[in-house]
Amino acid sequence: MTDERLPGFATQAVHAGAQPDPTTGARATPIYQTTSFVFEDAEHAASLFGLQAFGNIYTRITNPTTGVLEERVAALEGGTAALATASGHAAQLLVFHTLLSPGDEFVASNKLYGGSINQFNNSFKSFGWNVVWADPDDIASFERAITPKTKAIFIESIANPGGIVTDIAAIAAVAKRAGVPLIVDNTLATPYLCRPIEHGADIVVHSLTKFLGGHGNSIGGILVDGGRFNWLREGRYPKLSQPLPEYNGMVLGETFGNFAFAIAARVLGLRDLGPAISPFNSFLILNGIETLPLRMQKHSDNAKAVAEFLADHPAVSWVSYAGLPGDRYYNLGRHYVPKGAGAVLTFGLAGGYDAGVKLVSSVKLFSHLANIGDTRSLVIHPASTTHRQLTDAQKIAAGAGPDVVRLSVGIEDKEDIIADLQQALA
Ligand SMILES: *Cc1c(COP(=O)(O)O)cnc(C)c1O
C-alpha cells in the first residue's frame, strides 16, 4: 500500500492498537479480566515461555486490554513499543532496573516531581543506584555530572510543579556524547503537546494517572522504547547484551532489535518485580486517551487564561507558566510545546503562607488535593501539604516556598474557573 498516509494524532488517539474483538465483534476494547490464558498445546506453551512466540501467559506479564494501551501510547509517542505498569513510579523502577546494576550512577534533573526526588534519593539509593543531581537551567551541569559509572540521564519535559520547560535536545546531546540513554518523563506535556523522542529522547515514561487517563480515576504508568539506542556497544547494559540462561542463552538486544528495551523491562523487570497494571485500569485509561487531544488543548487554553488573570491580580506576586509571554521559559515553550504549555502552573501569593492556606480553604469549584491531570480544576498549597516535612530552605529549592500555590487547571468553562479564583483571592 504505497499511497497509505500515516494517520494523524487524533485518529491514532482513538484507534491505535485497537480492532474489533475477533471473537465477539465488540468495538470498544473489552476488559480481559483474567489472570491466565489457556495454551493451545504443550509446544505452544514451551514457545511462549522461551520467548520464541508472542502470546499471553499470565496477566502479570501481558494482558490483551493492556496490550492495546501499550500499542496506543507507543504510537502516540512515536516509539517502537511500550510497557504499562501499576503506576508512574513503577515505570521508573522498571526503567532503572533494566539499565542499572548496584554501584552504577544516573544523572537527574533537580527540577522533578517530588515523588521522583524521594524515589531516587531513598529507595533507589538502597538498591545501589546512585543519583547525581544537575540543573536543567545549566546544561553544562549535566556534562559535569557524568562519570564512567553513569548509565542514564533523567529529566521531565515540562517539570512539575514550576512550569519549567526543559531543553530536551541540548540534554540529549550530552547523553549522546556520554553514550547513555536519555529518559524523559513526559507526564505533564503528554505526546499531544510534546514528543520527546523527536527531540532525541531514548526512553519516555509517564504517570498514566495524570493527563493520559485524564479523569482522576485510575493509577497507572508506562515506559516507551524509542528504539534507537544501541544497547550492545561496550556491553554496558548487561541485561540487554549478555546471554540469559533462563531464556536458553538468548541475548535480548540481538533478538529483539529496536524494541529490546521494552522486552527486557517486561521479561526481566515486570516478571520479577511484579508491578502489573490491572486490565480494568488499562480500559479506563484507554478511554481517557481517546479524548487526549481535545482535553489537552482545552487544559492549555484554560491555563493560559488563568495565568493571565493571576498575573494582573494585586494579591499575586508572581506567576510561573511557560505559556505567558515574558515568562522565563516562554521561548523554550514555543519550541517544545507550541500548541500550549499544559495545565499546571504555580504562582506566589503576596500574603505568604497564611494566604496560601486561606486560598485552598476558600475555593469552591477547585478541589484541594494532591494530584494533577484531572478533568476537574485542582489546587494545592505545597508548603502546608506535600512539602511540609522539608525545611524552609529545602522548600524554596524545590519550588515549594511558603507563598507558592500550584494549580492543575481543568476543562470546565474558563469563566467559572477564574470566577472561583477571584472570590477565593478576595
Ligand atoms: C504523578 C507523577 C509521577 C508518579 O506517578 P504515579 O502514577 O503517581 O506513580 C511521576 N512523574 C510525574 C511528573 C508525576 O506527575
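Student: Which residue's side chain meets glutamate 198 in a salt bridge?
Tutor: In this predicted model, the partner of glutamate 198 is arginine 195, at 2.7 Å from N to O.

Student: And is glutamate 198 buried or exposed?
Tutor: Glutamate 198 is exposed, because its relative accessible area is 56% and the cut-off for that class is over 50%. Arginine 195 counts as partly exposed, at 22% relative accessibility.

Student: Which residues do salt bridges with shared partners join into one network?
Tutor: That network consists of Lys111, Asp135, Asp137 and Arg328. Within it, the side chains of aspartate 137 and arginine 328 meet in a salt bridge of 3.4 Å, N to O.

Student: Where do aspartate 137 and arginine 328 sit?
Tutor: Aspartate 137 is in the loop between strand E3 (130-134) and helix H6 (139-145). Arginine 328 is in the loop between strand E10 (316-320) and helix H14 (330-336). The pair links distant parts of the chain, 191 residues apart. As for accessibility, aspartate 137 is partly exposed at 30%, whereas arginine 328 is exposed at 63%.

Student: How many salt bridges does the count come to?
Tutor: The count comes to 15 salt bridges. One of them joins the side chains of glutamate 70 and arginine 266, at 3.0 Å from N to O. This pair also links distant parts of the chain: glutamate 70 belongs to helix H3 (residues 64-77) and arginine 266 to helix H11 (residues 260-273), 196 residues apart.

Student: Are glutamate 70 and arginine 266 buried or exposed?
Tutor: Both glutamate 70 and arginine 266 are buried.

Student: New topic: what does the side chain of glutamine 92 join in a polar contact?
Tutor: The side chain of glutamine 92 joins that of glutamine 119, in a polar contact of 2.7 Å. Glutamine 92 lies in helix H4 (residues 88-99) and counts as buried, at 3% relative accessibility. Leaving aside neighbours within four places in sequence, its contacts include Ser116, Phe120, Phe154 and Asp185.

Student: What about the largest nonpolar core, how many residues has it?
Tutor: The largest nonpolar core has 117 residues, and Leu310 and Leu407 have the most contacts inside it.

Student: Why does this core lie between domain 1 and domain 2?
Tutor: Domain 1 (9-288) and domain 2 (293-425) both give residues to the core, so it lies between them.

Student: Which residues does leucine 407 touch?
Tutor: Not counting residues up to four places away in sequence, leucine 407 touches Val306, Leu310, Ala343, Val344, Leu345, Phe347, Phe366, Leu378, Val379 and Leu421.

How values were computed: Residues are numbered from 1 along each chain as its sequence is written. This is a predicted model: local features need pLDDT of at least 70, side-chain atom pairs count only at pLDDT 80 or more; totals for chains, interfaces and linings use all residues. Side-chain values use heavy atoms; hydrogens and water are left out. A nonpolar core is a set of buried Ala, Val, Leu, Ile, Met, Phe, Trp, Tyr and Cys residues joined through side-chain atoms within 4.5 Å. Buried means under 20% relative accessible area, exposed over 50%, partly exposed in between (1.4 Å probe, protein chains only). Domain bounds come from an automatic or database domain assignment. Contact means heavy atoms within 4.5 Å. A salt bridge is a side-chain nitrogen of Lys or Arg within 4 Å of a carboxyl oxygen of Asp or Glu. Helices (H or I, at least four residues) and strands (E, at least two) are DSSP runs, numbered from the N terminus. A polar contact is a pair of N or O atoms within 3.5 Å; within protein, one must be able to donate a hydrogen and the other to accept it, and residues adjacent in sequence count only if both atoms are side-chain atoms.
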